[in-house]
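Please keep the model in view while reading.

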Amino acid sequence: MGFEGETWYVRGLDPQHGGGGADIGEILIDEADFPWLSGRFRAGPAFGAVEDLFARELALAEGDDAAHRSRWEAIQAEIERTVRLISPDGPVAAFLLHIRGDRAWFRWSDAPFDDEGDEGDEGAGGAGG
């Protein structure tokens, strides 16, 4: 698909979590399975400020009941306020990013996700490249 070998960046937006432009990490893409991209995550100096946020997001994403979904949406909104995902072409408008250890996987869109919940379910449509 042309994404493999690219490096994407995760940068801070929120001063409480590393500040604007803080180096949270980078993702070297090694697998493209549309609409998901995944790769090796290399944590940057500011990752410690958001590491727990991503751990909580992933734990909630793996739950499948309404209570998990509601709490996941709140964490996802916090991630969107806290970090920016940057492609080789520049910042993306919307994304869903998971980080576990040295692996990261995500989907993204040039336009904001719609209000139908496309951003939540890992199998849902609505993001691409």
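Seven strands build an open sheet, arranged in the order β5-β4-β1-β2-β3-β7-β6 with antiparallel pairing. Strands (E, at least two residues) and helices (H or I, at least four) are DSSP runs, numbered from the N terminus, and two strands count as paired if DSSP finds at least two bridges between them. Because β5 (90-91) and β6 (94-100) each have a single partner strand, they stand at the edges, and one side of each lacks a neighbour in the sheet.

This is a predicted model, in which local features need pLDDT of at least 70 and side-chain atom pairs count only at pLDDT 80 or more, whereas totals for chains, interfaces and linings use all residues. Residues are numbered from 1 along each chain as its sequence is written, and side-chain values use heavy atoms, without hydrogens and water.

Strand β3 (residues 36-43) runs antiparallel to β7 (residues 103-109), joined to it by 4 bridges. Within this pair, serine 38 lies opposite tryptophan 105 of β7.

Helix α1 (residues 51-61) packs on the sheet, in contact (heavy atoms within 4.5 Å) with β4 (83-87), β6 and β7. Helix α2 (residues 66-82) also packs there, touching β1 (7-12), β4 and β6. The direction of α1 makes about 100° with that of β6, and for α2 the angle with β6 is likewise about 100°; axes are lines fitted to C-alpha atoms, for helices over the stretch in contact, and angles run from 0 to 180 degrees between N-to-C directions.

Strand β6 is largely enclosed by the rest of the structure, because 6 of its 7 residues are buried (under 20% relative accessible area, 1.4 Å probe, protein chains only). Its antiparallel pairing with β7 extends over 7 bridges, and arginine 100 has arginine 103 in β7 as its bridge partner. The two strands, β6 and β7, form a hairpin with 2 residues between them, and glycine 101 in the turn has a positive phi of about 60°.

Note on methods
Buried < 20%, exposed > 50% of the residue type's maximum accessible area, 1.4 Å probe, protein only.
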